[in-house]
Amino acid sequence: MSLRTITQLRTITQKGPMHSIDDLHELERALHSGLTGTSQVVDEYEAALSGLYGIKHVIAVSSGAASVTAALAGVDFQPGDEVIVAPTGPICTVLPILSLGLVPVFCDVAPDSFGLDPQDLQRCIGPRTCAVIEVPMWGYPIRSNETLATMRQAGIPLIQDLAHAHMTRLNGTWLAQHGDISCFSTHDCKFISTGEGGFVMTDDDDRARRIRAYTRFGNLTGESLGINLKLGGLQAALGLARSRQLYSHLERRMRNRDLLLSMLDNPAFRELPVVKGGAVNAYSLLLQSVGHDGRQLVHYQQRHGIESDIGKYDNQPLYQLPLLTRYQRDCPNAARLLRSLTTVPLHQNLLDDDLHYIAKVLNDYSPD
Ligand SMILES: *Cc1c(COP(=O)(O)O)cnc(C)c1O
């Protein structure tokens, strides 16, 4: 079969369909026992996540954006205070900062990494810095432990937006354990899906209390600010069922990743380097073009029916978006990184045949 024929037959999406008997069982149980955000099933879901990650408090919320908003509610700030963040994440992380009347300060990333550059981070820290948010994209670990050490010295909390980094590891523990507060999304396109949803995790009792109160109208006491960011019972039921599948999904994704990597032999690109001591979650495979503009590779794979997240997030630093140009700060590593990347799906519903197709398409790529 010629490549052209295969191409016409195939679309490799970021995510395949999936639901299990266990999902249906938990949904039915929730239908009987409670649908609100304060029902038993939500407690069970939070306890399951807390056990999995070894982190004391988990607060289930209605979205990833809600998780970032709620995390900031666990931090002391005045309106106009600053939050340091890399310009390589999605705008979803920055909009909650703006919505709370805070100011994003864009810090450059380290070369070939989504982690903050230690030197630029020092330059960004100022008297009004109230938090740092790191966003490890597509499940690739970053040196959160080093950022955490810097921030501990400065007395400023480190929030991690781990929407892409469920089960990503660093030095033998979850990346989530290397920060003060971790945020997750369980949107349908993420590593674990509840349709819409998210959660926040922290070991700190006081921050946990404030975060939970914020998601429940300040516990309705009228003493502190809050809105309703609770996750509903049905979503929590799905999350509970799916939290039990996290290890098997990780295994399947890692297997897909190993198989695909073993077949790729095109010197026009390489995998983005994985930091020493880190382990990816195989949410996506990140390929970095060598010696040419990576957008060529993005467009090429899309023409062959293989979706790339870069097409969605676009590969330009966030401060180029209209809402954010006033916060522009020169971040050359970030701009270079984004220009060089594409993502390739690795999800658990891909067949070996799909992976062979992806490998063939990518091995046939040759930049102009
Ligand atoms: C998806 C995503 C969000 C937003 O999550 P929603 O559940 O869609 O609100 C925030 N941050 C990052 C890094 C994301 O990938």
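This is a predicted model: local features need pLDDT of at least 70, side-chain atom pairs count only at pLDDT 80 or more; totals for chains, interfaces and linings use all residues.
Residues are numbered from 1 along each chain as its sequence is written. Local features need pLDDT of at least 70 and side-chain atom pairs count only at pLDDT 80 or more, while totals for chains, interfaces and linings use all residues; side-chain values use heavy atoms, without hydrogens and water.

**Ligand site**

The shell around the ligand holds 15 residues, and Gly64, Ala65, Asp161, Ser185 and Lys190 come nearest. A residue is near if one of its heavy atoms lies within 4 Å of the molecule. By class, the shell has 6 nonpolar, 7 polar and 2 charged residues. Here Ala, Val, Leu, Ile, Met, Phe, Trp, Tyr, Cys and Pro count as nonpolar, Asp, Glu, Lys and Arg as charged, and the others, Gly among them, as polar.

| Residue | Protein atom | Ligand atom | Distance |
|---|---|---|---|
| Ala65 | backbone N or O | oxygen | 2.9 Å |
| Asp161 | polar side-chain atom | nitrogen | 2.7 Å |
| Ser185 | side-chain N or O | oxygen | 2.7 Å |

On its own, the ligand has 380 Å² of accessible area, and the protein covers 90% of that. Areas come from the Shrake-Rupley method with a 1.4 Å probe.

**Helix H4**

Helix H4 (64–73) and helix H5 (91–99) each supply at least two residues of the ligand shell. Helices are DSSP runs (H or I, at least four residues), numbered from the N terminus. Ser63 caps the N-terminal end of H4, with a side-chain oxygen 3.3 Å from the backbone nitrogen of Ala65.

H4 is mostly covered, with 9 of its 10 residues buried. Buried means under 20% relative accessible area (1.4 Å probe, protein chains only). Among the buried residues are Gly64, Ser67 and Leu72.

Ala71 is also in H4. How buried is Ala71? Its relative accessible area is 0%. Beyond its neighbours within four places in sequence, Ala71 is in contact with Ile159, Ile181, Cys183, Val200 and Ile211. Contact means heavy atoms within 4.5 Å.

**Nonpolar core**

The largest nonpolar core has 112 residues. A core is a set of buried Ala, Val, Leu, Ile, Met, Phe, Trp, Tyr and Cys residues joined through side-chain atoms within 4.5 Å. Tyr53, Leu72, Phe106, Phe114, Ile159, Leu260 and Ile358 touch the most other members. Leaving aside neighbours within four places in sequence, Phe114 is in contact with residues including Val109, Trp138, Ile142, Leu272 and Leu341.

How values were computed:
A polar contact is a pair of N or O atoms within 3.5 Å; within protein, one must be able to donate a hydrogen and the other to accept it, and residues adjacent in sequence count only if both atoms are side-chain atoms. Buried means under 20% relative accessible area, exposed over 50%, partly exposed in between (1.4 Å probe, protein chains only).
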